[in-house]
Amino acid sequence: MLTVNSCAAVDCRWPPLCCLWPGRGDRMVTLNFGQKIFFSVLSVAGLSVLLISLPLLFNSASHFMQIASDHARTDSVMLGEMVQPALVFEREDMAQGLLEILQQSPDVLAATIFSVDPADGSESLFAHYGDQTLLSDIQLNRTDRTQVERVGSYLIAVSPVRSSGATVGYVRLVVSQSNIETHFQETLIYVTVAVIVALFIAGYLAVASRRAILKPIQDLGQVTQLVAQTQDYGTRAKSDSEDEVGDLVVSFNAMLDTIEEFDRQRMQKEREILQLNQNLERIVDERTVELQNSMAVLRKTVEDLRETQGKLVEQEKMASLGSLVAGVAHEINTPIGVGITAASHLTQSLGELQQRFLDGSLTKRQFADSVAEMTETVQMISKNLERSAALVKSFKMVAVDQSSDDMRVFNVKEYIENVLMSLKPKLKRTRHEVIVNVAEDLTIFSSPGALSQIVTNLIMNSLLHGFDETEQGRIELKMQQTGDELVFDYMDNGKGIPAAIRDRIFDPFVTTARHKGGSGLGTHILYNLVTRVLGGTVTLEPERQPGVHFRLRFPVRSDVGPMDIPIAGAR
Ligand SMILES: Nc1ncnc2c1ncn2[C@@H]1O[C@H](COP(=O)(O)OP(=O)(O)OP(=O)(O)O)[C@@H](O)[C@H]1O
Ligand SMILES: [Mg+2]
């Protein structure tokens with residue numbers, strides 16, 4: 001288990017300081033940098049002064065003690081030497097006189113000389129000096145050597161007095177320590193004053209060093225704030241010092257140089273971008289105007305093209321009507337010609353019959369033969385006229401329908417047959433075969449005109465393009481109704497639509513037969529008729545190759561009652 005030191009357990013940002021100074025160490029960390037410098041220098045200086053002065057004080061105290069003790073020892077020894085004759089000759093007055101000299105030593109408070117009886121070794125007071133009460137409590141320790149002891153605030157020095165190797169007495173001195181104390185106190189005062197002065201000097205140095213260190217940093221901070229506020233990267237920090245802070249200022253100024261250069265380049269780029277934008281806007285405006293002009297021209301061109309296309313479509317329609325009329329003329333020509341020939345033959349027969357009747361040479365048999373022949377001729381005329389009338393009727397229906405997109409109900413198969421009849425002039429000199437695969441009773445509500453144009457276009461394309469190199473082609477028209485929709489499959493087995501134009505087959509003016517007078521509008525008209533008039537779709541099926549397969553789908557209504565059905569050709 002992790003054990004946490006008690007001083008580090010508190011929320012302390014600098015654990016060593018908290019351990020050193022519990023409770024307050026952490027607060028030190030919250031001091032600002034200047035205060036930290038100040039207190040650090042002061043503490044180091046104070047600690048150093050204390051570390052130096054305390055041992056010094058201690059040393060001087062022991063030194064003074066030693067000196068005092070040595071003095072007391074020397075004094076007692078010297079006094080012993082001096083009083084030896086007085087003791088030997090038992091001259092108390094002499095001893096007393098010698099003791100009086102001690103008045104010159106204010107430290108010596110009292111002195112006593114004891115004489116020792118050589119017989120029994122007992123001691124007795126011989127002479128004394130000073131305050132004897134001081135000595136009353138102090139026992140004499142008889143000793144062979146000089147001894148100094150500290151008793152209370154006094155130093156007691158006891159020294160034996162010898163004569164001829166025998167101890168004849170003792171000298172005892174009581175020396176005051178006040179001198180030592182005075183010396184010590186003086187030293188203490190000196191040391192204290194020195195400590196205080198040292199602390200003052202340290203404090204001054206701390207303030208000075210704090211200022212020396214902090215001033216450039218504060219200046220740098222102010223410049224930084226100024227730069228941040230004004231964004232003026234031309235501002236520079238000043239520093240006269242050549243230390244680390246000076247290096248920092250130099251680096252900071254170098255950084256400002258770089259930023260200023262970047263800023264200058266940025267502004268230059270911004271100006272260029274602004275200029276470019278303005279140019280771009282101007283160019284865009286000019287281009288917009290040009291584009292608008294072009295659009296107007298384009299719109300006009302498109303309108304012209306549409307108009308031209310409409311005219312071309314109309315021309316195409318007219319051309320198809322023209323060929324229809326040519327076909328009609330050609331088709332009717334035969335029965336009418338036959339009729340005219342028969343009519344002139346009838347006229348001739350009638351003239352001969354009339355001549356014979358006037359001559360009276362007309363026999364009954366001749367009359368009967370002539371009438372029978374004329375009846376036959378009249379029947380022939382009548383038949384040919386009827387055929388002509390039928391032709392005209394069907395051509396008329398197809399022609400009228402082709403020129404309009406009106407909707408009506410019609411029988412599909414019958415109508416397709418009529419369309420094919422109108423195309424007979426184109427088909428009859430060929431060996432191509434057209435198969436109409438449509439139910440007899442398929443009746444729809446749709447636009448027969450559109451259907452007629454579609455079928456005509458498809459068959460004409462098969463004849464002109466699909467079978468241009470084929471003698472015996474096959475065309476199939478298959479129509480069947482699925483719900484409300486008629487599916488019309490148109491197929492031929494010709495050479496097929498060239499791959500290059502398959503994708504654009506319904507676009508206008510796409511043709512491979514321009515040299516033969518093709519305009520490329522046939523399939524485009526077909527597409528428009530299916531999608532716009534019939535409301536359906538037309539696709540070129542890909543699977544039939546060679547040959548073509550167009551699939552048309554368009555909505556039809558077959559649920560129209562007989563009353564609704566307009567009579568075909570009634571228009
Ligand atoms: N049944 C087909 N077989 C082969 N190619 C065809 C067939 N139908 C159309 N094409 C090709 O498609 C082209 C476009 O036909 P489209 O009917 O649109 O124009 P066109 O017949 O060339 O001219 P026109 O405007 O006189 O009809 C034709 O030129 C032809 O190359
Ligand atoms: Mg065509």
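**Close-up 1. Helices α4 and α5 cross with right-handed geometry.** A crossing counts as right-handed if the near helix is turned clockwise from the far one by less than a right angle, and as left-handed if anticlockwise. This is a predicted model, in which local features need pLDDT of at least 70, side-chain atom pairs count only at pLDDT 80 or more, and totals for chains, interfaces and linings use all residues. Residues are numbered from 1 along each chain as its sequence is written, and side-chain values use heavy atoms, without hydrogens and water. The axes of α4 (residues 33–88) and α5 (residues 92–100) come within 8 Å and cross at roughly 155 degrees, so α4 is roughly antiparallel to α5 (angles over 145 degrees). Axes are lines fitted to C-alpha atoms, for helices over the stretch in contact, with angles from 0 to 180 degrees between N-to-C directions. Helices (H or I, at least four residues) and strands (E, at least two) are DSSP runs, numbered from the N terminus.

**Close-up 2. Residues in the contact of α4 with α5.** Leu79, Met82, Val83, Pro85 and Ala86 of α4 meet Met94, Ala95, Leu98 and Leu99 of α5 (contact: heavy atoms within 4.5 Å).

**Close-up 3. An open sheet of 5 strands with mixed pairing.** The strand order is β7-β9-β10-β12-β11; two strands pair if DSSP finds at least two bridges between them. β7 (433–438) and β11 (537–540) are the edges, each with a single partner strand, so one side of each lacks a neighbour in the sheet.

**Close-up 4. Antiparallel strands β9 and β10.** Strand β9 (residues 474–482) is joined to β10 (residues 485–492) by 8 bridges. Glu476 lies opposite Met491 in β10.

Note on methods
Chains lettered and ligands numbered in written order. Parallel < 35°, antiparallel > 145°, perpendicular 65-115°, else oblique.
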